[in-house]
Amino acid sequence: MATKLKRTLKTSSTLVTILRFLVFMTILTTTSTAQSLNHVGDDCHNSTQQPLTTAYQTNLNNTLSWLTSDASTSKGYNHTTMGNGTDDVIYGLYDCRGDVTGAFCQFCVSTAASQLLQICPNRSSAIIWYNFCILRYSNQDFFGNLTISPSWQILGQKNITDPQEPQEAQNFMQSLIRKATVDTNLLYAMGSFSLSDGEKRYGLMQCSRDINSSQCKQCLEAMLDKVPQCCETKLGWQVLAPSCLMMYDDNMFYLITAQTNETISPSPLPNPANVESTSKSKTSIIVVVCVLVAVALLSCCIYYLWQRNRSIKDGLVSEIAPLSLHDNVQRGDSLNSDLPTIPLIWIRGSTNNFSEECKLGEGGFGPVYKGSLQDGTEVAVKRLSKTSGQGLEEFKNEVIFIAKLQHRNLVKLLGCCIEESEKLLVYEYMPNSSLDFHLFKEEKQKQLDWKLRLSIINGIARGLLYLHEDSRLRVIHRDLKASNVLLDQEMNPKISDFGLARAFEKGQSEENTRRVMGTYGYMAPEYAMEGLYSVKSDVFSFGVLLLEIICGKRNSGFYLSEHGQSLLLYSWRLWNEGKSLELLDPTLGKTYIANEVMKCIHIGLLCVQEDAVDRPTMSSVVVMLASDTMALPNPKHPAFSVGKQVKEEESTSKTSKGPSVNEVTVSNVLPR
C-alpha cells in the first residue's frame, strides 16, 4: 500500500507540474509574440548595505514567503506587515499585472522574491520589477504612499515611421489613464487602436493597488510626461515607477480578460486597402483560439487520468497535490484541491505565535488556539502536538473528508497547513464550545432546556444522515460523542473531528479493521470486539449520545452512581417498568413535553440494540423524530456497554478557557 501511495504521489506531482506548465504556455500562446518572464528593473540603493538583525532577517524571509504563497490564491495583489518591535517591522507588497493571476502570478512573485535577495543582499528596503509583477519591501510603511522615483524606461527595437503616431499614441494613452482612474476605477486598463494605415497598437497601464485613483492618475501622468524625452520615436517601450507603469507596443502583449475592451480609436478606421491585413489578423486569432482549445482538452484528459489513478486507502480516496512554497520555507503540501493551504507565517501571526493568551484548550489532538482572518472572521486553529495519539494519516483523513462535506450540521474547515514541523487545521470558530462542555457541568446544564436539547438531537441526526446517505462520499464517522459535537452562536450542533472517518464505496455496507480506535462508552460492540464497522456503528453512538442528552450524564462512569449499572441498561430497565421519565435530567424541571421525551428515549433504545441489523438507519431516525403518530417497534435488550468499567471518560478538554473547536480529536483505545 505504501509503495502504491508513493507511486500515486509521484504521478500526482508530475501531473500538477504538467498542468502548471500548460497554464504558463496558455499565457504565452495568447499573445501575438511569446514572452518570457523578464527582469525590468530594481532598486536597492535607497538603503545602506549593512548586516540585518536576526529578527529583521527572519521577518523578511517570512514576508517574502507569505507574499509568494498568497499570490497563488489572491486576485493578483496583497500586502502584509510582520514584526512586533520598532526595529524588526517589515512592510511587504506584491502586485501582478491585471491580466495575470493564479499560478503564473505566483511564479512571477516567487522568482522576484528569490532574485531580490540576491540582487539586494542585506538591504532593509528594496524593490524589483518584472514584466508581469512588482515586489517591494521596506522597514518604513509605504502602503498608500505615491512613489514615482526611481523610474525606469525600457525602449523597443523598432522605430516609429509615421510622424502622426506619437501624437495619436499620446491621445490613446491619455484615454487609458481616464479608463483606469475614472471610468472603471480599477487602477488598471488595456486596449488597442488602429493607425490610419490599419496597423494595430496596444497599450496597458496599471497602478499599485495600495494607492487611490487620484494618486494613480498623478503617477501615470508623470510617467506619460517622460515619454517624449525617451521613447516616442520607438515601439515596444515601457515607463514605470514603484507606484505605476505603462506599456506601448505593436504586438498584443496582454491577455484577453473580462476587463479587456477596445478603447475609442483616436484615428480613422482602416480603409478597404487594408482588408488583407485584417484577414491576417483574423487568421492569427483563429490559430490562437485553436491552440487554447487544444490545451484545454489536453488538461481535461490529464485531469481525468489523474482522477482514475488516485490511491485508495482504507476505502478513502486520497487527493494529495504537492504545492511548492518559497525556498525559505520547507516544502508544504496542499492536501486537497478543494481546500486552501494557509501559510504558517499567517497562522503564527494570527495566534500571536501560539501564545497562551490565544489558547482555547488542549485535548488528544493537541492545543487549540483562537485567531482571526484578515477580514476579521474569528477562527480556531488546531495544532497537532508531537505527542498526540493522532498521526499524519488521521490528520490528512480529516482534511480530505471535511473539505468535501458541506452541511449546516457539520463543522466547516477553512484551511490547513503542513509546513516545517507543524500540522494545523483552521476551523470556523465555535463560540459555545462543545456539547459536553454544557451537558456534563451542573452550572451549564440549566441553560440546556428541553426545547434546545431536542433541537440539538435533531441537528445531530440530520448531520449523520447527510454523512451516511446524502454526501458525495458515504462516510462513517466512527467517533461520534458529545465532545465532537460543537455549538455555534445560536447553539446549533455541528459534528466535528473526522480523523477516524472512513468512506464506503457504492454498494458497500460494512468493513473490518484490525485497528480499533474510538471512545469507550460510544463504540458499538461489533466494532469494539471484532473491528467491524458500518453506518449502524454510528447509529449506536448516536443512541448513546441521545440518552446522555436526555439524562445529562455520561454513559461511561454511569454505573458508579447509585444506579449501579450502565446508562443503557438503566434506561432499558426504566422503559420496561414504565418509568422512563425518571431518566430525565432533574435540571429540566417542568419545561419538557412528556410525549417528546418518551419518544426520544424509545428511539435511543432502538439505536443501541445489540444486533446491528435491529438498529434503524439514520433516515428512519430522522423520520421518527419528526413524526408524532408513527408507531415505533419495541426495542430489544441493549448491547453490553463496552468499557463501562472505566472510571471516567477522558475529558475532551484537559484544560479549557471556554469557547473552542474540536478540542479532542482522537481517543485511541484497544481492547484491554
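Colleague: How many disulfides does a search of the whole structure find?

Modeller: The search finds 6 disulfides. A disulfide here is a pair of cysteine sulfur atoms within 2.5 Å. Note that this is a predicted model, where local features need pLDDT of at least 70, side-chain atom pairs count only at pLDDT 80 or more, and totals for chains, interfaces and linings use all residues. Residues are numbered from 1 along each chain as its sequence is written, and side-chain values use heavy atoms, with hydrogens and water left out.

Colleague: What is the pairing, in sequence order?

Modeller: Numbering the bonded cysteines of the chain that way gives 1-5, 2-3, 4-6, 7-8, 9-12, 10-11.

Colleague: Take C96 and C105. How far apart are their sulfur atoms?

Modeller: They are 2.0 Å apart. The torsion about the S-S bond is about 85 degrees, so this disulfide is right-handed.

Colleague: Are C96 and C105 buried or exposed?

Modeller: Both are buried. Buried means under 20% relative accessible area, exposed over 50%, partly exposed in between (1.4 Å probe, protein chains only).

Colleague: Next one. What does C108 join to?

Modeller: C108 joins to C133, S to S 2.0 Å. That link is left-handed, with -85 degrees about the S-S bond. C108 is buried at a relative accessible area of 0%, and C133 is buried at 1%.

Colleague: And C207 with C216, right-handed or left-handed?

Modeller: Right-handed, with 80 degrees about the S-S bond. Their sulfur atoms are 2.0 Å apart. C207 and C216 are buried.
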